[in-house]
Amino acid sequence: NVNITRNTITNPFGGIPTSTATFNGIFINGVDALAGFENKVINNRIYGLNGEGESNGLNNTGSDNVWYQHNTILMDGPGGTGTALTRGFFQTTLAAGIRFENNIVSITRLGTGAKYATYHNTVTSDIFSDDNIYHLNSAAGNQFVGFYNALAQATLLNWQAISGDDPNSLTTNPIFQDALTGNLRPTNASV
């Protein structure tokens with residue numbers, strides 16, 4: 001098993017801030033762990049994004065038994081001028097034993113592309129998701145709490161009803177201490 005912990009991921013396209021390349025903060029692709037020996041992505045922070053392409057904070061592509069816990073994902077920055085998607089958590093290709101718990105996903109990224117806090121592209125994947133904070137406050141582009149069964153879900157209530165996930169999650173502004181300097185400590189008492 002592998003633990004990916006306490007990383008800061010920021011300024012991914014510092015040399016070319018107008019890059020249209022895809023950004024994946026933490027990308028786990030086809031890495032299967034056994035139950036009891038899970039790969040864990042814990043207590044990481046992602047913020048200070050630049051670039052104009054598709055952006056995924058956490059990306060699980062067909063990787064079994066990965067636990068994503070206590071991460072803070074601030075999908076901010078200029079965004080693209082086209083239809084580039086922004087997703088806090090993105091899961092695609094069949095996988096089992098995924099846990100997405102106690103994370104903060106805040107999307108304030110500009111650009112006209114759609115924004116999703118959580119995106120379950122493969123509905124047959126086994127994903128347990130709960131106790132997360134979702135915040136969507138972008139000045140442009142359509143914004144959705146989730147994507148499930150080929151349908152965008154604008155509200156947490158809609159997301160919960162269609163996915164069965166996140167019964168104890170909230171949609172609220174975490175009010176970060178100072179996002180510009182990377183202090184992503186939430187000051188909202190409800191968080």
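## Salt bridges

A salt bridge is defined here as a side-chain nitrogen of Lys or Arg within 4 Å of a carboxyl oxygen of Asp or Glu. The structure, a predicted model, holds two of them.

One joins the side chains of Glu54 and Arg87, at 2.6 Å from N to O. Glu54 lies in the loop between strand E5 (45-46) and strand E6 (55-61), and Arg87 in strand E9 (residues 86-92), so the pair ties together parts that are 33 residues apart in sequence. Arg87 is buried, at 5% relative accessible area, and Glu54 is partly exposed, at 26% (buried means under 20%, exposed over 50%, partly exposed in between, with a 1.4 Å probe and protein chains only).

The other pairs Arg99 with Glu101 at 2.9 Å, N to O. Here Arg99 is partly exposed, at 27%, while Glu101 is buried, at 10%.

Six strands form an open sheet of mixed pairing in the order E3-E6-E9-E12-E15-E16 (strands are DSSP runs of E, at least two residues, and helices runs of H or I, at least four, numbered from the N terminus; pairing requires at least two bridges found by DSSP). Strands E3 (23-29) and E16 (151-153) stand at the edges with a single partner strand each, so one side of each is left without a neighbour in the sheet.

Strand E15 (residues 143-148) runs antiparallel to E16, joined by three bridges; Gly146 has Gln153 in E16 as its bridge partner.

## Basis of the values

Residues are numbered from 1 along each chain as its sequence is written. Local features need pLDDT of at least 70 and side-chain atom pairs 80 or more, whereas totals for chains, interfaces and linings use all residues, and side-chain values use heavy atoms, leaving out hydrogens and water.
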